[in-house]
Amino acid sequence: MRKWVISLLLMAFIAGISACSKDSNGPATAIEAYNQALVNGEADQLSTLSCAAWEADAQNELASFAAVKVSLQDMTCSQGDQDGDTVLVSCTGKIVANYGNEVLEINLADRLYQAVLEGGDWRMCGYR
C-alpha cells in the first residue's frame, strides 16, 4: 500500500512539472499570440487576445499597419515579474513593416508587455 501511495504521489508531481513547463496558456504565450494576430491583421482574434481595457488600443495598433506589409521575425516571449494582477512579459525579435521602399523595424525588446488574467485567460493589456 505504501509503495502504491508513493508511486501515485510521484506521478502527480511529474505531471505537475510537465504542466508547468508547457504553460501553453500562460502570459508569454498570450503575448506571442497577440503579436501574431497583429501582424496577420486578425481584428477579431486581436480583440479576443486583449483585455477589455486594451481592445480599442489593439484595434488602433492594427489600423496603423493597414497600409503596409507586416511580418514578425524571431519572436520569443518570456514571463517576468508579477505586479499585482499583472504579469510582465518581455519579448525578443521584431515586427518588420514594409512601406514600399522603406522598411521600419520595431524591436520587441523595447516594450515590456502587460498580461492580465481576465475571463480565465491571459490577455494582452498594454505596455510599460
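**Salt bridges in the model**

Okay, let me start with a lysine: K94 is partly exposed, with a relative accessible area of 24%. Keep in mind that this is a predicted model.

So who does K94 pair with? The partner is E105, and the two side chains form a salt bridge with N and O 3.2 Å apart. E105 is partly exposed as well, at 47% relative accessibility.

How many salt bridges does the structure hold? Four. I'll go through two others.

Next up is R111 with E61, where the closest N and O atoms are 3.8 Å apart. R111 is in the loop between β3 (102-107) and β4 (112-118), while E61 belongs to helix α4, residues 55-64. Because of that placement, the pair ties together parts that are 50 residues apart in sequence. Now, buried or exposed? E61 is buried, at 14% relative accessible area, since the cut-off for buried is under 20%. R111 comes out partly exposed, at 24%.

Last one for today: R123 and D121. Their side chains meet in a salt bridge, 3.7 Å from N to O. Here the arginine, R123, is buried, with a relative accessible area of 15%. D121, on the other hand, counts as partly exposed at 41%.

And the general idea behind this: side chains of opposite charge can pair when their charged atoms come close. Okay, that's me done.

Conventions:
Residues numbered from 1 in each chain as written. Predicted model: local features only at pLDDT ≥ 70, side-chain atom pairs only at ≥ 80, totals over all residues. Heavy atoms only, no water. Helix = DSSP H or I, 4+ residues; strand = E, 2+ residues; numbered from the N terminus. Buried < 20%, exposed > 50% of the residue type's maximum accessible area, 1.4 Å probe, protein only.
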